[in-house]
Amino acid sequence: MSQLAIEAPLERLPLSQTIDKELWIRRLLIGLVCLWMLVVVILPIFQLLSKSLMDNAGNFVGFANYVHYFKTPALSNSIGNSLFVSILTTLIAVGLGFLYAYALTRTTIPGKAFFKGLAMMPLFAPTLLNGISLVYLFGRKGLFTTGFFGTIPGFDIHLYGPVGIIISEVLFAFPQAVLILSIALNMTDARLYEASDSLGASKIKTFFTVTIPGIKYGLISAVFVCFILAFTDFGAPKVVGGNFNILSTDIYKQVIGQQNFVMGAVVSVVLLIPTVIAFIVDRIVQRKQVAIIAAKSVPLIPKPERLKDTLFLTYCAFIALLIVGFYSTSLFASLVKVWPYKLNLGFWHYNFSDMGGGGYAAFFNSIRMAFYSAAFGTVITFSAAYLIEKSRQMRVLREISYFLSILPLALPGLVIGLSYIFFFNAKGWSIAGMFIPNPLGFLYATMGILVMSNIVHFYSVSFLTATTALKQLDKEFEIVSESMGVPFYKTFVCVTVPVCMPAILEIAMYYFVNSMATVSAVIFLYSANLPLASVAVANMDDAGDIAPACAMSILIVLANLLARMLFGLATKGVKNEPRPGW
Amino acid sequence: MTQHGEISDYLSVHQLTKKFGKFTALDDISFSTKLGEFLCVLGPSGCGKTTVLRAIAGLEKPTSGTIVVEGRDVTQLPVSRRNVGIVFQSYALFPNLTAEDNIAYGLKQRSKKAKGVEGRVTELLETVGLSGMGNKYPAQLSGGQQQRVALARAMAISPHLLLLDEPLSALDAKVRIRLRSEIRQLQKRLGVTTIMVTHDQEEALTMADRILIIDRGKLVQMGTPGEVYDKPATPFVASFIGSMNFITKVRKMEDGIFGVGEHRLKISNGRGARRVQNGEPVMIGVRPEDVMIQADGGDGINTLNTLVSAIEYRGSLFRLSLNLPISGNDYTTIDADVPSEKVRRLGLQENMHLPIHLPVDRIRVYAA
Ligand SMILES: Nc1ncnc2c1ncn2[C@@H]1O[C@H](COP(=O)(O)OP(=O)(O)OP(=O)(O)O)[C@@H](O)[C@H]1O
Ligand SMILES: [Mg+2]
């Protein structure tokens, strides 16, 4: 009885010209993605490069600035210094991170979730806080330097300089190393180990012939990521660098201290070169990897081993204790009346009213900025990733957009900040004798430019997260809906977004947390009537108000932990719905 | 959709060629289907089956050639304007929507009347045998049930053309066989012209009105299941569908008579035999089930003496490997399928001499 109804086709609405319209919308949007990347990445960097070839009056001088740079040891010595601290940091962070990741993936120690969560702690803090905590531990009046306020003989590790920088950067890079290496260790095929066992290979031999080659790509990636982080970070060296000059602090000193923008641009380019090389090498390596993991592998399930498990548990507990101790010290210090003399606790330093830096206004500005960055950043990143991944038209343009989307990975925050000053502050450009006024100048010194710099600064990781999530969706969804005459934007809203919700929330949280904590890009871009929390930390530290700086950092960490908790709750809510395939 | 036979060629594809860069995926393919026909596209992996389907759907722009539906050239139309229902091997069901919502997905776009949509979804669910399961999510359904939802979703928009790309290959054998007949019945009832891609010859033989066989981008044969099985156009088709013995170094002596070494074989004209010139070297093929063993009688024509070299048990029948001397020490192997009952009755054993008979009208002649 039902057949008849089916055979009589439902009245068809005119399927219409909307189709061609849709095609044009898609083309337009892909074009917009390309234009967006051009405006927020390529043009500002181009502006920075051209600035480095001019004198302060704006006349073209070729490579004169570079010649001057390399002829001035006070400047060029920083290259060696930067390389020294970042290579050492990389070795230590990757070493420690590997052991930690190994414990999390290849042993049967208890409390893995706890250890993993704790290792991520440094991601929630501005790197300035790493420096500040070190000052409280090992600085002139530090806990260890004074021997716990005189209870035991103290010792001085000569914090200010490379020692301080390396310790803070190791802490900063450690979570990234753990993350990347855990993923790599998880991907290795159990069958390789079975084969090695059956051939009677010793544990050590298996380690070097199976484990290490198996995580080769992860290891390379971890090395490059840690190197870039340490090489370009600015927060911690600013606090504990002392007279030890490195490239990132040089940029700051040139621009803010001496108002020498041109030299700032030159140092930025010098900073950019190793980063871009690391980025390109990593890209090439990762491209090779794709072919290898494509084959199905059997996950390795670790077996309990008494001695190994005990050793690794001890190690993890030790690292966890260090991290907890580290941040507890700063929490404690922020609550102490006068370190190290009056140790009674209270909230004196959380009243920023008579401080520079902007106090609570700055804090709430930061929250607003982080919120906008999360909201706009997530929408832009996910939509762009969708258009690039799920379109069939305009292949070349999509490939260019893809490359431009991962390019910001190689851009240090300071470089983004400085090039944004140059680009958005420019009056206009004379091209072929014609003067084109800057249409984006109105953004200068507004919330808009801050949010934009954050979106670009943290674009690539978010973009890759979105792309990975989108790749897991059946590539036929788009075709099926197209064949039914459903416009692509409807399927995007009704299917793609809901199914990718966990990834979308993760991107939003990533944007929020990083925008809260970052100082490098925004320190050039904030304005006096738009103070920011992380910048306030830097400025209060500069002024010697280290306790309030510490307190402000703690507030940033708390805001981020709160965001993380909300994210956890939201994800749980999303995951409770039946959403197969995840 | 029910007026059968009004337009003789519902869909026709003319000289379709598709190149990916330098690689030619489809090479000058032409065929047509009648309204309500069930066409199977069959071929080995990578031969271009999916590409044919995608071109018909409008997902792949042909490098050259035209696609005509109901007399209208649709080559340039995008998929959304061709009114085709597509079912993929992966089903591509939206995981966050229930079975009902999946089926209603395209309908809601077309009909603003929510009531009509609801009623229609219920009917479709009933048609594919999933009444009452409408509120389940794809993950809560078995593979076969998901396949039915995908089918219902494709049928929901009353497509003129239903395109199925290996719709059954992800299912286990039992479910696959059941769904074969279900899909076929549904298709007959709705009368929708259907093209199904498969690499499973049995699927094609049991389901199709006509089969299209593609090899390395070229259309090698098109015909009913009976035609392609009985008269395979090329040795490739013959060995791809079922199996066939080939004897090479055969020469045409005169009309209807072919020489294999010292043997003389009579082959009925018409089975490819006519096209060959006298003296020309050819290859002949005969299917194992057509090889008769001599005990069946026969008049001495096409009788060859062989030696049983191996016997393989295959349940209801045995496959015998027979050595046939051709000339001197030269011999060829011929497989013969013999019912188990007969093997036992004749007490066939290895190393036994066995005369066989090749029926005059079951031998195919191919160019060497
Ligand atoms: N987008 C493309 N770009 C380049 N080559 C392609 C593309 N799509 C298909 N091909 C090639 O065209 C040939 C035919 O592909 P097609 O998918 O049609 O094969 P198929 O017969 O469906 O195979 P299977 O049975 O494995 O699904 C293959 O060699 C394939 O590599
Ligand atoms: Mg295919």
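Reader: Okay, A:F512: buried or exposed, and why?
Author: Keep in mind this is a predicted model. A:F512 counts as buried because its relative accessible area is 13%, and the cut-off for buried is under 20%.

Reader: Where does A:F512 sit in chain A?
Author: In helix α23, which covers residues 501-517.

Reader: And which residues does A:F512 touch?
Author: Leaving out residues up to four places away in sequence, A:F512 touches A:I367, A:A370, A:F371 and A:A374, plus A:A559, A:N560 and A:A563. A:A374 is 138 residues away along the chain, yet its C-alpha atom and that of A:F512 are separated by 5.1 Å.

Reader: Which residues of chain A does the UniProt domain annotation cover?
Author: The unreviewed UniProt entry puts "ABC transmembrane type-1" on residues 79-282 and 363-567 of chain A. In the model, residues 79-282 are 76% helix and 0% strand, while residues 363-567 are 71% helix and 4% strand.

Reader: Switching to chain B: what's the strand order in the open sheet?
Author: The order is β13-β12-β11-β14-β20, with antiparallel pairing. β13 (263-266) and β20 (364-367) are at the edges with a single partner strand each, so one side of each has no neighbour in the sheet. Ignoring direction, neighbouring strands there are turned by 45 degrees against each other on average.

Reader: How many bridges between β14 and β20?
Author: 4 bridges, in the antiparallel sense; β14 of chain B is residues 281-286.

Reader: What's opposite B:V282?
Author: That would be B:A367, in β20 of chain B.

Terms used
Residues are numbered from 1 along each chain as its sequence is written. Chains are lettered from A and ligands numbered from 1 in the order in which they are written. This is a predicted model: local features need pLDDT of at least 70, side-chain atom pairs count only at pLDDT 80 or more; totals for chains, interfaces and linings use all residues. Side-chain values use heavy atoms; hydrogens and water are left out. UniProt positions are given in the numbering used here, feature names are shortened, and annotations may be inferred rather than shown by experiment. Helices (H or I, at least four residues) and strands (E, at least two) are DSSP runs, numbered from the N terminus. Buried means under 20% relative accessible area, exposed over 50%, partly exposed in between (1.4 Å probe, protein chains only). Contact means heavy atoms within 4.5 Å. Two strands pair if DSSP finds at least two bridges between them. Axes are lines fitted to C-alpha atoms, for helices over the stretch in contact, and angles run from 0 to 180 degrees between N-to-C directions.
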